[in-house]
Amino acid sequence: MFMVIVSEILLYLCVSLLIGSFLIALVPSSFRPEVNIPRSVQIIATIGIAVFSFAPVLVLIIYLYENMGLSETLQTVLLTFEVGKAWIFTFLVVNVLFIFIVWFDDRKKPIYSYIGIIFVVILIMGIGWASHASSLDHVKGFLTHTSHFTAVSIWVGILLVVSWFSKDHSNWLNFLKWFSPVAIICFSITIVSGLILMTFVVEFNEYANAWMLPYGQLLLLKHLSIIPLLVYAGINSILIRKKLLKDNDFNPIPWTRVESILILVVFSITAALGQQSPPSENILKNEGLSKLFSFFYQGQFQQGMNVELVANATGLSLILLAILFVVLTVYSFIKKAPVIVTFILSILFIFTSYLALLLSIQ
């Protein structure tokens, strides 16, 4: 499971870096900082997509190998299972993209970047084909997962490229003029498609009940981690714009880097979430309660119980403390505190808001 989780995180990063590098190459130099993305990064990211997308296939092969033998297992997994067929498709596209990147420099002609984007979108479609949502509903699941992954990759990809490969912060105001609307659109698509994906396994009215299981715990942590991410997005789009208008020498890159690290936290939770069994009565009977839920839940558990939130002094105090951490995050930016301080405050927000909800369960 650890191997698959790490592979999923790295797969998200590889796809995001690739599409971000192609997109930023299309932006006129006056509307972005000077960015230098080594070709080696694009090549490694391309190879990484083939390698890291193979992890679920490898797990399946290992699982079936003892009973079927290696040759029959490979043939069955790669040619029968959707995840195997999707990986073969991904592997073939990756090979074409690899040759394309080696032969053509996307920085020289815009057409090369457009072709590169098309290849990455095709790869995202291949990943969507192999997704859990697609296995549940071929059309709706595929379209929802693909749109979700595409929106996330565009938003995160541009942010990663600009945060870690910019030589300076020149033209940052011009960059924000177009990136802020793009980020808002991508984030909106991500939220809507993410909620639709959630309903494949958890109905809205069963959301709190899912907290009793490991899947629900990770889902809750993922949703809570999005809140400080929104705070950073507000800082990097609104407050930094105001700061640059007053002080042209202010460097916003450390703040975008922290936002990208927080995104990595969300990626990690998402990857772990994908390895958990979806909520069901059978899962609860077979696997039992989540260890985290059992640790924090103060009441008596009964089979078939519903999770209900009740206001109490502990929960309300922790909610107020969580809000205070958000306020302090913004205040730290205003007072020019070290960026690491705001990151710690974001982690504390996730922890305290999580405790507030868990300790308010009846």
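View 1. A charge sits over a ring if NZ of Lys or CZ of Arg is within 6 Å of the ring centre and within 35 degrees of the ring normal. In this predicted model, local features need pLDDT of at least 70, side-chain atom pairs count only at pLDDT 80 or more, and totals for chains, interfaces and linings use all residues. Residues are numbered from 1 along each chain as its sequence is written, and side-chain values use heavy atoms, with hydrogens and water left out. Lys 140 lies over the face of Phe 200, 5.6 Å from the ring centre. Lys 243 lies over the face of Phe 250, at 5.8 Å.

**View 2. Phe 100 and Tyr 112 form an aromatic pair.** Rings of Phe, Tyr and Trp (its six-membered ring) pair if their centres lie within 6.5 Å; planes under 30 degrees apart are stacked, over 60 edge-to-face, the rest tilted. The structure holds 17 such pairs. Ring pairs link Phe 100, Phe 104, Tyr 112 and Phe 119 into a cluster.

**View 3. Trp 155 and Phe 187 pair edge-to-face.** Their ring centres are 5.6 Å apart and their planes stand at 80 degrees. Trp 155 is buried at 7% relative accessibility. Phe 187 is buried at 17%.

Conventions. Buried means under 20% relative accessible area, exposed over 50%, partly exposed in between (1.4 Å probe, protein chains only).
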